[in-house]
Amino acid sequence: MNRRRFVGYVLAAPVLVTAADLHHGEPAAADLTELLDLNDIMTAAALPTSGLISVEINPDGTASFALPRAEVGQGITTSTAMLIAEELSLPLHRVRVTLADARPELLFNQLTGASNTTIATYTPIRVAAAVARHRLLEAAAALFGAPVTGLRLEDGVITDRAGRRVGIGELAATAASPKTLSVPVELAPRESFTVIGKPHSRIDARDAVTGRKKFAMDLDVAGAKPAMLCRPPTINGKVGAVANLGEVLAMPGVTDVVTVSTGVAVRAETFGQCIDAVRALRVSWRRGTVDGKSDATVLAELAAAELPLGPRPPTPVVEGRFTFHFRSNSALEPNCAIADVRGGRAEIWSGLKSPIVAKQAIAARLGLPLGNVTVHVTEGGGSFGRKLFFDAALEAAEVSQKIGKPVKLMWHRADDARQGRTHPMATSRVRVAYAGDVVLGYEQRHTSVTTDLGHGLGELFTAMAAKLPIGDAAFAQTFFQFSHTSPYRFGVHSRLLSETGKGFNTGSMRNVYSPDTTCARELIVDRLADRMGKDPYRFRLDFLRDERARAVLRQAAEAGGWGRALPAGVAQGIAFHSEYKGVSAALMEIDCRPETVNRPIRDGVGGPRVTRAVFAVDVGLVVNPRGLEAQMMGCVMDGIALALTSSLHLRDGYFLEASWDNYFYTRQWNTPPDLRIIIMPSSSERPGGAGELGVAAAMAAVACAYGRATGTMPTTFPINHGTLSFTPKPTIPPIPASPTDGGTRA
Amino acid sequence: MPEHTFRVNGKQVTVDVADDVRLLWVLRDILGITGPKYGCGINVCKACTSHLNGRAVSPCSIPVSDLEPADEVVTIEGLAATAGAELHPMQQAWLDHDVVQCGYCQPGQIMAAVALVHRVAAEGREITEADLDGLRNICRCGTYARIRAAIKAAAKNM
């Protein structure tokens, strides 16, 4: 069958508005029992509502599209504009992509996660644009009295053979239909692409570099004054009593002080005055949800919850157990939201990746009908999984309702680090059985503090559960099984997830389980190669299942100069990972010599330095190679941080880290001076996911390189977790004072 | 309340606010200048980096009472005007290298980069890798490599 032929709609509207109808003609929807991975599930869940997403042609000759996903830096507004520009033969700058408000009728088609946006929307968006193209050509044909076959659409202008011209804007009304029409269309063939597959810079770059790009806290909403919370000293502690509410209310600029479910809220003329007021509050606190717990007690819980490996085989085995400490997925934009809850209505503005669930939760919390709650999705300042949740939006709504005034609520960085969501601590135990040159079996038992999936993905799985081969397994197990593949010919595979311990604020951090599970696997692969007397690269090449996988590995090894001579203390590592319909391989070179490790860094950590990073990636059809390269660069920086420097230390029920001078995400002094991203040519007709793919292989390759440079197998991550490299900030008051050295300390 | 007078992006401003309110909040919450971003409030992430009399500073950690009437604050919004162009060469380099991902830290990154290039030029030398390693601005999207490339390119045009 022709995979480019689809049916779409012209929707009843005064200007041309079109949508896809993927109930018909979309092969991916055909057989749900053939769903292979997490992305197939999400794509299938989004399909039934894809007809509700429409492209609109405006009288000014632009096309507009309200994307039902969140832009948080991953570049989907740009790639989406490219898809529309391609099908409509319109210059990119004449495609306006905005973020849609929460639309409950979209059900599972407004969840941004699992790198699924391009995979799920690639066809529906193009079909909608192709219907618009078809309709515009017909309208021009009627206008000219000429057949459609003689018309050309280029740069937003339709011309006929006689040289007559009409802009698509002039046809926006005549191409419209008073009633909804069903229209068959054929998508542009790949050979004819002029936009898709070519490098394009971000459509919002100019706004970003001039300071015009608006994030939630930059919006000017009438009456929405700054608000912050005084939060408990331990995770999820509750307010007991406030001793000096009146005194704080009388402080300069303060307009309101009120106790809410998560702390004591203050509203003031400026955030600076909120900070002072929060620090001045004297609150007695009740217990939190993990009081008394520390890294050591959680590790013991994980050990107790670990599922047993199978019986030990009679053959030789390679085994290892790896520990991955709590990590923060704080974005640089802290949790924040604007809320105006007055007169039985609520209006919310926030960067949200699951706005439908947010809207439902906010309506329930406020006791309002769903229809009285409007949720606007703002551009997000990074997410890394954090914006799957809507903690600040819910809190802002509660505060606004309680005081009857609009608020612009922001978490202090210390709040964001200590009470915000984390990637849960986990252990991963791996055992590989082998005999001679044959690997007989691979077992992995991943044990993790419970990951909160209560942001809509759980509901999606429930709705799809009956149709999945896995039945009604727990959400997390479903997620785990469907996000993991077996890239190597390692005989019988068994991978199981076990979760334990509630009470922590967790979430799906970029690439979720995979950086940890892959890091553990790849370290064992190195050890196995060593046992068999094989080079780590050659070993992987020999055992990888498919040619696409071997090709990225070969590319990374060749470009990175695998095996080149290096001084003692400097070594290379290589690793592979596949997910989101893509394959990736990383080669990292790390310098672990004392003069490098001990280089002085003020308020930060140096440690081993990755000096070369080569990352090869094949995500199938590439929509925007420049954007894909950027995502892989970011993934490499995340992988370096996860392997070497960034973690949270839990002590007495709270995290010691309270800001960026405690939590050591990759900084300029940790970046590889030599960083190369190689995008593989692909003949695939379909795109894969890109936002998270690179983290796992990057982290694993750094770990493998570190192991080879130091002659050890690292088993605890990040490798510097055992050394506390800062003095913890107090927990009462919960946020630090504003310094006065901003003009003198560079 | 006390009045504070200083210059922002070429204009004289007077604000009526308590002495100890930090400049970042005066810019954002009172003057509506939202280019400088909050990222930590304690002078470590550098997302709010702006210029004070040509030097890179952290407005989150400067009490407004520290400013004198002749002090010139330049935020990302006023940067292009200092080069007398629609875009400062550093902003243009940022576009040429498509540095931005989410964009939240980028105003601060650009202001820090401009100050670095000026400082290095004043010392009569070229930018080194060590200079770039010394930039303290955090980018949680990890755009560091493109930032370095853009700074090196812009330095040639400044």
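How many residues of domain 2 of chain A are in contact with residues of domain 3 of chain A? In this predicted model, in which local features need pLDDT of at least 70, side-chain atom pairs count only at pLDDT 80 or more, and totals for chains, interfaces and linings use all residues, ten residues of domain 2 of chain A are in contact with nine residues of domain 3 of chain A, contact being defined by C-beta atoms, placed from the backbone, that lie within 7 Å. Residues are numbered from 1 along each chain as its sequence is written, while chains are lettered from A and ligands numbered from 1 in the order in which they are written.

**Domains of chain A**
- The assignment, automatic or from a database, gives domain 1 (5-198), domain 2 (216-289 + 335-410) and domain 3 (422-447 + 485-717).
- The C-alpha centres of domain 2 and domain 3 of chain A are 38 Å apart.
- On the side of domain 2 of chain A that touches domain 3 of chain A, there are five nonpolar, four polar and one charged residue (Ala, Val, Leu, Ile, Met, Phe, Trp, Tyr, Cys and Pro count as nonpolar, Asp, Glu, Lys and Arg as charged, and the others, Gly among them, as polar).

**Chain A and chain B**
- Between the chains, 60 residues of chain A are in contact with 55 residues of chain B.
- By class, the side of chain A that touches chain B has 23 nonpolar, 21 polar and 16 charged residues.

**Contacts of A:Ala701**
- Leaving aside residues up to four places away in sequence, A:Ala701 touches A:Gly573, A:Ile574, A:Ala575, A:Ala586, A:Leu587 and A:Met588.

Notes. Two residues are in contact if their C-beta atoms, placed from the backbone, lie within 7 Å.
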